[in-house]
Amino acid sequence: MAMSVEIGGGTLSEIYQSAKKLLLRTRDALEKLERLENAGGIDSPDLSTSVKRDISQIQSFCAEMDRLWRSVGAKSQRDLWKRKVEQIAEEAQSLKESLDKYNLRNQKRAQEARERAELLGRANGEGAHVLRIFDDEAQARASVRSSSRMLEEASATGESILRKYAEQRDWLKSAQRKGLDVLNTVGLSNSVLKLIERRNRVDQSIKYAGMILTVVIVVYLIWRWR
């Protein structure tokens with residue numbers, strides 16, 4: 001009979017049955033891949049490789065059957081086997097296209113995951129840089145506040161010193177006036193009065209020099225601290 005024609009150790013009918021069984025198994029495996037994908041983008045490389053291998057085997061069966069059905073004697077049987085083989089080949093091609101689409105989607109998800117990881121890495125790096133900038137600015141503001149406090153304290157100290165010198169000056173002027181009154185009363189000479197005035201001017205010069213020296217020392221200490 002025509003269906004008993006053998007090739008590669010199997011008849012046309014046996015190869016057809018093997019192709020049908022493998023086709024069903026491959027379709028189930030592909031559906032499982034798609035269910036895993038819909039469940040959360042889970043990938044199964046081993047299962048995907050197995051499906052690809054089975055589709056290649058089915059296509060190999062189709063090539064063998066395509067040669068065999070042409071050897072069938074009766075035309076009606078040839079036409080029947082031709083349709084059967086074409087149906088298997090079409091289903092195998094459909095499964096191959098579905099697997100190719102699945103692989104493309106999987107590759108796209110992997111690429112998107114890599115891009116997200118890269119973006120996250122850059123974001124973390126930029127965030128750390130921004131935090132370092134904020135820390136530097138915070139330290140600078142703290143340093144400015146500390147310097148401002150020191151300047152305020154130095155200014156307050158200088159004002160206190162100036163007030164004390166002003167009080168001493170007023171006291172010295174009062175003492176000078178009293179001393180002049182006393183000297184005038186006892187009738188001292190003008191030369192003595194001039195000598196006292198010169199001594200007073202010298203005291204004032206010493207006082208102002210001391211004030212300037214104090215301010216210079218305060219400014220120097222602040223500069224050294226900075």
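The model is predicted; local features need pLDDT of at least 70, side-chain atom pairs count only at pLDDT 80 or more, and totals for chains, interfaces and linings use all residues. Residues are numbered from 1 along each chain as its sequence is written, and side-chain values use heavy atoms, with hydrogens and water left out.

The chain contains four helices and two strands. Helices (H or I, at least four residues) and strands (E, at least two) are DSSP runs, numbered from the N terminus. The order of elements from the N terminus is β-β-α-α-α-α. Of the contacts in the chain with a separation of 6 or more, 73% join residues 24 or more positions apart. Contact here means heavy atoms within 4.5 Å.

The chain exposes about 16,100 Å². Carbon and sulfur atoms supply 56% of that area. Accessible areas come from the Shrake-Rupley method with a 1.4 Å probe; for residues, only the protein chains shown count as cover. Buried residues make up 19% of the 226 residues. A residue is buried under 20% relative accessible area, exposed over 50%, and partly exposed in between (1.4 Å probe, protein chains only).

Helix H1 covers residues 12–38. At 1.5 Å a residue, its 27 residues should span 39 Å, and the end C-alpha atoms are 39 Å apart, which agrees. The expected span is 1.5 Å times one less than the number of residues in the helix. Buried positions in H1 include Leu-12, Ile-15, Tyr-16, Ala-19, Leu-22 and Leu-23. Thr-26, Leu-33 and Glu-37 are also among them. Gly-40 follows H1 and has a positive phi, near 145°.

Helix H2 runs over residues 45–69. Its 25 residues should span 36 Å at 1.5 Å a residue; the end C-alpha atoms are 36 Å apart, in agreement. Among the buried residues of H2 are Val-51, Asp-54, Ile-55, Ile-58, Phe-61, Met-65 and Trp-69. Asp-54 is buried because its relative accessible area is 8%. Leaving aside neighbours within four places in sequence, Asp-54 is in contact with Leu-22, Arg-25 and Thr-26.

In soluble globular proteins, nonpolar side chains tend to be buried together. The largest nonpolar core here has 26 residues. Leu-12, Leu-33, Ile-58, Met-65, Ile-88 and Leu-99 have the most contacts inside it. H1, H2 and helix H3 (75–186) each give two or more residues to this core. A nonpolar core is a set of buried Ala, Val, Leu, Ile, Met, Phe, Trp, Tyr and Cys residues joined through side-chain atoms within 4.5 Å.

Leu-213, Ile-217, Tyr-220, Leu-221 and Trp-223 make a nonpolar surface patch of about 580 Å². Patches are made of residues with over 30% relative accessible area and no salt bridge; like charges are joined within 9 Å, and nonpolar side chains (Val, Leu, Ile, Met, Phe, Trp, Tyr) within 5 Å. Leu-221 lies in helix H4 (residues 190–225). Leu-221 counts as exposed because its relative accessible area is 51%.

Side chains of opposite charge can pair when their charged atoms come close. The structure holds seven salt bridges. A salt bridge is a side-chain nitrogen of Lys or Arg within 4 Å of a carboxyl oxygen of Asp or Glu. Arg-70 and Asp-66 form one of them, at 3.4 Å from N to O. Arg-70 is exposed, with a relative accessible area of 52%, whereas Asp-66 is partly exposed at 30%.

Two further pairs lie in helix H3. Asp-79 and Lys-75 form a salt bridge, with the closest N and O atoms 3.1 Å apart. Both residues lie in H3, four residues apart, about one turn of the helix. Lys-75 is exposed at 54% relative accessible area, and Asp-79 is partly exposed at 29%. Lys-96 and Asp-100 meet in a salt bridge of 3.2 Å, N to O. They too sit in H3, four residues apart, about one turn of the helix. Lys-96 is partly exposed at 32%, as is Asp-100 at 33%.

Glu-37, Arg-105 and Arg-109 are linked in a network of salt bridges.
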